Amino acid sequence: MIRADDFNYQGTRVLDGTLARLGRIHTPHGEIQTPEFLPVGTLATVKAMSPRDLEGLGVQGVLANTYHLYLRPGAERVRHFGGLHQFMNWKRPIMTDSGGFQAFSLGAAREHGVGKIGGIFPNEGVPEPSRTKSGEKLAHIDEDGVSFRSHIDGSRHKLTPESSIAIQELLGADMILAFDECTSPLAGYDYTELAMERTHRWAVRSLEARTNPAQALYGIVQGGEWEDLRERSVKFIGALPFDGFAVGGSLGKTKADMHKVLDWTVPHLPEDRPRHLLGIGEVSDLFEGVQRGIDTFDCVLPTRFARTGHLLVAPGTPGIGRRGTINLRQVRYADDKGPVLEGCACYTCQNFSRGYLRHLYLCEELLAYHLGSLHNLHFLLDLMRTIRAALASKTFPALKQQWLSVASGSEQDPEDDSTTN
RNA sequence: GGGUAGGUGGCCGAGUGGACAAUGGCAGCAGGCUGUAAACCUGCCGCGCUACGCGCUACGGGAGUUCGAAUCUCUCCCUGCCCA
């Protein structure tokens, strides 16, 4: 079994009746206590945060993106600066996504206006379909790999398992991902199966392409929302000599679907290696994922939310919406002298009022994005610390109960489906 | 005092006889966002309703012309600029 020398996972299941586990991932750039949330820094920066900020927050690792860094500034150039860690001055672990997500986000996602989870939002919340003037999609997939039209200048590029791994080796992250295709929730069974099988072949090719054993290579389970596909995928991917595993692809149309996908997959993954859940990170998802045996998560939500004025708050906070945030742009906070979250220890909550932050957001002052991101990341990382402590003390079920029972009752509770469109 | 340009919904600003409750932009309000083409996107934005429709009030004030006026005429008020 090919295993990176400096990379290993140690962990144990800690809760009877669940797959929840406590552990640590050892990497060449230090350890990650798990379960843990990794902020996303697509372009070799967690937006609006300096590495010093991240260290101050206790961030244990970040996730950057192969496709984006390949386009700009270019993998060779990152290499020229000594690799991603030196380039961005981040001394702790880094994971890079393979670019497989962009096959989706620049392809079907734009075309259909969908996200990884959830229903259809026609012409709502998504930019125009990603096509060039001639009507060409920005991403096109075949057996060999994914052909992209750069969203920056329209130039043509192709990512294959081999080139993705080669780029990721140049970037030099501690954990890299096999090249995969993230399928759309709108893709049917047949297409999802076809894409899954192709991703399996790409997984083998990714392993064969790898030349640097110091980087941990994660395999990605696909199969969409179908039980038999997920089982086939986890069986296939789980049997390969990857250093870790990730659950990717469409996670269905609802939270319940996502939970099922985890139930179908995680139990079949080798226990001695870490498991990552790609692109997931709402508060409830973290609890459900941890309970189902996920070790690490990444998600753009806390930082993206922060840039639009949506700040994470604890269950029961007046004004909380169903995504667990309050929207600081609302006029109701105009004269609010209180902190974003009572009792929060973050710099933002310790020093600034909701009213002031609202002012910054309405003025589009840059400090808003910084202070908001600081709070949201602190909130999630603190939650993960609390979760780890609860796992250690066997109080996880109570903690989860406490967070999720109240959290579901948002203020003007828009009851499940009725608000979907 | 003389001349001249102009007064449009919170602001700026189109429109110069019917298709106008009135293009746009800004501001405002609300919603959306889960491996980031995302400091982004969408919707609403005169008032009131038994609301994919109806009523009322509106384009400086008033009076007219007309089947019909933000658009034409008269008059008054106000503002900018130029000359005294």
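User: Which strands form the open sheet, and in what order do they stand?

Analyst: In this predicted model, an open sheet is formed by three strands in the order β7-β8-β9, and their pairing is antiparallel. β7 (139-141) and β9 (156-159) stand at the edges, where each has a single partner strand, so one side of each is left without a neighbour in the sheet. Direction ignored, neighbouring strands of this sheet are turned by 20° against each other on average.

User: How many bridges join β8 to β9, and which residue in β9 is the bridge partner of Phe-148?

Analyst: Strand β8 (residues 146-149) is joined to β9 by four bridges, and the two run antiparallel. The bridge partner of Phe-148 is His-157 in β9.

User: Turning to helices, what describes two packed helices?

Analyst: The general idea is that a packed pair is described by the angle between the helix axes and by the distance between those axes. Here, the axes of helix α13 (residues 354-362) and helix α14 (residues 366-392) come within 7 Å and cross at roughly 130°. That angle makes α13 oblique to α14, and the crossing in which α13 passes α14 is left-handed.

User: Are Ala-44 and Glu-364 buried or exposed?

Analyst: Ala-44 counts as buried because it has 23 C-beta neighbours inside 10 Å, the cut-off for burial being 20 or more. Glu-364, by contrast, is exposed, because 8 other C-beta atoms lie within 10 Å. For chain A as a whole, 51% of the 421 residues count as buried.

User: Where are cis peptide bonds found?

Analyst: One cis peptide bond joins Thr-34 and Pro-35, with omega about 0°, and Pro-35 is placed in the loop between β3 (30-34) and β4 (36-39). A cis peptide bond also joins Arg-72 and Pro-73, with omega about 10°, and Pro-73 lies in the loop between α2 (66-71) and α3 (75-80).

User: Where is Leu-240, and with which residues is it in contact?

Analyst: Leu-240 is placed in the loop between α8 (227-238) and β12 (244-247). If its neighbours within four places in sequence are left aside, Leu-240 is in contact with Ala-203, Val-204, Leu-207 and Gly-219. Because 17 other C-beta atoms lie within 10 Å, Leu-240 is partly exposed. The C-alpha atoms of Leu-240 and Met-49, 191 residues apart along the chain, are separated by 37 Å.

User: What does the secondary structure of chain A come to?

Analyst: Chain A comes to 15 helices and 16 strands. Among contacts in chain A with a separation of 6 or more, 67% are accounted for by residues 24 or more positions apart.

Terms used:
Residues numbered from 1 in each chain as written. Chains lettered and ligands numbered in written order. Predicted model: local features only at pLDDT ≥ 70, side-chain atom pairs only at ≥ 80, totals over all residues. Buried ≥ 20, exposed ≤ 12 C-beta atoms within 10 Å, placed from the backbone. Contact = placed C-beta atoms within 7 Å. Axes fitted to C-alpha atoms, helices over the stretch in contact; angles between N-to-C directions. Parallel < 35°, antiparallel > 145°, perpendicular 65-115°, else oblique. Left-handed = near helix turned anticlockwise from the far one by under 90°. Pairing = 2+ DSSP bridges.
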